[in-house]
Amino acid sequence: MKVGVVGLGAMGAGIAQLCVESGVDTVGREVTAELGERARERIGHFLTRKVEKGQIESFDLSLLTTTTELADLADCDVVIEAIVEELEPKRELFSELERICRPDAVLATNTSALSVTEIAAATQSPQRVVGMHFFNPAPLMPLVEVVRAELTSDDAFEQAYRLAETMGKHPIRCHDTPGFVVNRILLPLLNDCVRVLDEARVSVDDLDAGMKHGAGWPMGPCELIDLVGIDVHVHASEALYDKLREPRMAPPPRLVAMANAGLLGRKSGRGFYTY
Ligand SMILES: NC(=O)c1ccc[n+]([C@@H]2O[C@H](COP(=O)([O-])OP(=O)(O)OC[C@H]3O[C@@H](n4cnc5c(N)ncnc54)[C@H](O)[C@@H]3O)[C@@H](O)[C@H]2O)c1
């Protein structure tokens, strides 16, 4: 089994790390050799820490090679794309991958908000295109949504599902609809939580305590939005609202104002909470 990962940013590096941890031969493609090398070092660092903490016994970083040449993915069984969240670059990439990869290779996208079907339509072989939606951080979050686009074959779908299992994940099967399963539910729910802050004049601390102690959430909604990034949440809500037009999906003005002010949550040091 050989897996290609295109784009070694936050998600792609996490996915490549999971492949290495699972003993899978992996080739990662970045736009420059330096970015590829940096991602490989980061992966080595995280895996070393896991060994130090006793979470894994050892790892073999030589399973991962990095390249800037897409042609080096020619012999992969599965390629997972994790480049920028924009339709045209993804469509271009998939049509190139189709030319380069073996005809039986599965081509997967990690898109969160774009249509897998539209990405697949850029190829002549949409039956082998599937969504593999990992959650951030990929090495820690157990879920992978395996997404069936309109023309995905059963074979490609099941190969993607099995790969997610090989990577130690908990895959679930779903069809290609906006937000797939978890974000379709979670984004409007988090937006409701923010609206309740103003409606019920409840404090941020009390709202979080309410959902933790009354609904069994592992962390409060405000903590969660801070962790995800307020800009990321606003962007994802807008994308879902654009597609489904349900008012609850639109980001509350309070969140938009916070994003515009640079209050982005944990990563900027301040959001609902100060870090
Ligand atoms: N960050 C998240 O929380 C999250 C969660 C689930 C899914 N996703 C999805 O994963 C994908 C990647 O997101 P990210 O947060 O890792 O982005 P990122 O900006 O951290 O990484 C993208 C990487 O892709 C590289 N890249 C761009 N074009 C490329 C190309 N043609 N070939 C090779 N590399 C290329 C960039 O240099 C960059 O390193 C997006 O589709 C995003 O929606 C993100």
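The model is predicted, so local features need pLDDT of at least 70, side-chain atom pairs count only at pLDDT 80 or more, and totals for chains, interfaces and linings use all residues. Residues are numbered from 1 along each chain as its sequence is written, and side-chain values use heavy atoms, with hydrogens and water left out.

Helices (H or I, at least four residues) and strands (E, at least two) are DSSP runs, numbered from the N terminus. Strand E5 spans residues 106–109. Val106 and Ala108 point one way from E5, and Leu107 and Thr109 point the other way. In a regular strand the side chains alternate between the two faces of the sheet. All four E5 residues are buried (under 20% relative accessible area; exposed is over 50%, partly exposed in between; 1.4 Å probe, protein chains only).

Strands are taken to pair if DSSP finds at least two bridges between them. E5 pairs with strand E4 (residues 78–81) in the parallel sense, over 4 bridges. Ala108 of E5 is the bridge partner of Ile80. Between E4 and E5 the chain passes through helix H3 (residues 87–100), and this β-α-β crossover is right-handed (with the strands pointing away from the viewer, the path from the first strand over the helix to the second runs clockwise). E5 is also joined to strand E6 (residues 129–134) by 3 bridges, again in parallel. Here Ala108 stands opposite Val130.

A salt bridge is a side-chain nitrogen of Lys or Arg within 4 Å of a carboxyl oxygen of Asp or Glu. By this rule the count is 16. Arg102 bridges to Asp104, with the closest N and O atoms 2.9 Å apart. Arg102 is partly exposed at 28% relative accessibility. Asp104 is partly exposed as well, at 48%. Asp77, Arg102 and Asp104 are linked in a network of salt bridges.

Helix H6 (residues 182–199) contributes Arg184, which meets Glu246 in a salt bridge. The N to O distance is 3.7 Å. Glu246 sits in the loop between helix H9 (230–244) and helix H10 (253–260), and the pair links distant parts of the chain, 62 residues apart. Glu246 has 32% relative accessibility and is partly exposed. Arg184 is partly exposed at 29%.

A salt bridge also joins Asp198 to Arg254, where the closest N and O atoms are 2.6 Å apart. Asp198 lies in H6 and Arg254 in H10, so this pair ties together parts 56 residues apart in sequence. Asp198 is partly exposed at 44%, and Arg254 is partly exposed at 31%.
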